[in-house]
Amino acid sequence: SFAGRLASKAGGSGSAGGHAALPAALWHAPADIVQQFRLAAEQRVANLHTCSERLLRCLPHSVPFEHRVALLRSWIRAKRESSQGVPVTKLVVRRTHIFEDGLVALAKVDWTSRFQVVFINAAGMREQGQDVGGLFKEFWEKLAETTFNPDYGLFRATESRLLYPSPDAMKYHEQANKLFEFLGLVIGKAIYEGIVVEPCFAPFFLAKLLGRHNSYYDLQTLDPSLFSNLQRLKSYEGSVADLCCSFVATGSDGEEVPLLPNGHNVVVTNENRFRYVYMLSDYKLNVELREGSAAFLSGFQRLLDDGWLRMFGEEELQQIISGSSTDGLDVDDLQKHTVYQNCGPKDRFSVDFFRALAALAPPKQIAVLRFVTSCSRTPLLGFSHLVPPFTLVKVQVRNDSERLPTASTCFNTLKLPTYSSWKVTKSKLEFAVDQGAGFELD
């Protein structure tokens, strides 16, 4: 059995202290088993063999992450192909009202359909450009960036600046649950379309999206101070009754909420303190956030089968949502998967471009990526998964001042003039992205 083979491989490899990370070869399934998952993804197998399905359910991390992502993508492709008869949905969106127009335009659409976006600029004019995916990606990234901003009142941020549904959302929005459902659809659609977006969620909330119930130790990712205080209470050696605590929780509005009937009059003692600790953490993690989380989940699962994502952990789900967490670009990976027009990968022109890109500060590298693809996140699993591929087009010019770099975001194409050196290329790229270019400069 695989479990026996795994045990025999791990048994002879211990580390002196027992804390060193094991090499992937020790906890990944043997190659012949992993090969079954690769073939299943390539052949778009809807139902895995019983043993493979059990392995994914019980030991999902024994299958490399990239193979599980490929399997997820194959299931989504199969669902998309079953919806091919659904008409394209055209969305007209003002750049100055991304959320409002998005909410209205998407209120009664079939979310499995392909969306085509037309932007209206600040002057009220329809922007030029055919949406073959680039404009939709840009719209979806901006929509997520706007709606998940804590200032909007639907989501809060932890001390680590990770997002979760605000328990106070009902105070600021009359139809908060509908908005949460809409936001769940936004993230679900991003995964469905293979788009990476900005929001980074708290681990305890990601666990909810994976169908897992939050428990006491999840509290440290929501409120580290409260968790630390409860840890001290659990090990307090004196009389807990002297601390004058009762079975109440302080709600997000500052009001006391009884955890038990007549909880105000039930004193926390040495005998019942563990019950208090777990009831308080349950209130903070589950009860207080129940409505917003349930509404978000209902939208999130409208496009994604609830069983598809359970083969991932919380950090892996975050990676699926927002891609790589690195600050800059993997320039070598981009260079490896670039398509060239009017030039070749070893031409001085191409070499100068990648040298200039590598010399940029990480935020500028991200700005270049957004300039060309309309998306500021590296694709999940790298640039080999960027569709269409990043394309570098050589544009002949007579001198360095004749033309700036331009982009066709629909096709992920950078049209780069033949500048005299990589340093000039670097400065021209910086200038172009700082101007907020797009179709307007093309």
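Biologist: Which hand does the crossing of α18 and α19 have?
Modeller: The crossing of α18 and α19 is left-handed. Bear in mind that this is a predicted model.

Biologist: What angle do α18 and α19 pack at, and how far apart are the axes?
Modeller: Helix α18 covers residues 362-373 and helix α19 covers residues 422-434. They pack at about 65°, with axes 10 Å apart. That makes α18 roughly perpendicular to α19, since angles of 65 to 115 degrees count that way.

Biologist: Which residues meet there?
Modeller: From α18, K364, A367, V368 and F371. From α19, E430, A432, V433 and D434.

Biologist: And by class, how do the residues of that contact divide?
Modeller: The contact of α18 with α19 has 5 nonpolar and 3 charged residues, with no polar ones.

Biologist: New pair. How do α12 and α13 pack?
Modeller: Helix α12 is residues 224-234, and helix α13 is residues 273-287. Their angle is about 165°, and the axes are 10 Å apart. The two are therefore roughly antiparallel. Their crossing is left-handed.

Biologist: Which residues make the contact?
Modeller: α12 gives L226, L230, L233 and K234. α13 gives R273, F274, Y276, V277, Y278, L280 and K284. By class, that contact has 8 nonpolar, 3 charged and no polar residues.

Biologist: What about α6 and α7, at what angle do they cross?
Modeller: Roughly 110°, with the axes coming within 9 Å. α6 is residues 98-105 and α7 is residues 134-147. So α6 and α7 are roughly perpendicular to each other. The crossing is left-handed.

Biologist: Which residues of α6 and α7 meet?
Modeller: I98, F99 and G102 in α6 meet F139, K142, L143, T146 and T147 in α7. Those divide into 4 nonpolar, 3 polar and 1 charged.

Biologist: Switching to F205. Buried or exposed?
Modeller: F205 is buried, at 0% relative accessible area. F205 sits in helix α10, residues 203-209.

Biologist: What does F205 touch?
Modeller: F155, L163, Y164, P165, S293 and F296, leaving out residues up to four places away in sequence. Separately, the C-alpha atoms of F205 and N286 are 9.8 Å apart. Those two residues are 81 apart along the chain.

Biologist: What is the phi of R161?
Modeller: Positive, about 65°, although R161 is not a glycine. R161 is in the loop between β3 (155-157) and β4 (163-165).

Biologist: Is R161 buried or exposed?
Modeller: R161 counts as exposed, at 72% relative accessibility. The cut-off for exposed is over 50%.

Biologist: And C244, what is its phi?
Modeller: Also positive, about 60°, and C244 is not a glycine. C244 lies in the loop between α12 and β5 (248-250). With a relative accessible area of 69%, C244 is exposed.

Biologist: Zooming out, how many helices and strands are in the chain?
Modeller: The chain has 19 helices and 10 strands. Of the 442 residues, 48% are buried.

Biologist: How much accessible surface does the chain have?
Modeller: About 22000 Å², with 51% belonging to carbon and sulfur atoms.

Biologist: What share of the contacts join residues at least 24 apart?
Modeller: 68%, counting contacts between residues at least 6 apart in sequence.

How values were computed
Residues numbered from 1 in each chain as written. Predicted model: local features only at pLDDT ≥ 70, side-chain atom pairs only at ≥ 80, totals over all residues. Heavy atoms only, no water. Helix = DSSP H or I, 4+ residues; strand = E, 2+ residues; numbered from the N terminus. Buried < 20%, exposed > 50% of the residue type's maximum accessible area, 1.4 Å probe, protein only. Contact = heavy atoms within 4.5 Å. Areas by Shrake-Rupley, 256 points an atom, 1.4 Å probe, with all protein chains shown as cover. Axes fitted to C-alpha atoms, helices over the stretch in contact; angles between N-to-C directions. Parallel < 35°, antiparallel > 145°, perpendicular 65-115°, else oblique. Left-handed = near helix turned anticlockwise from the far one by under 90°. Nonpolar A, V, L, I, M, F, W, Y, C, P; charged D, E, K, R; others polar.
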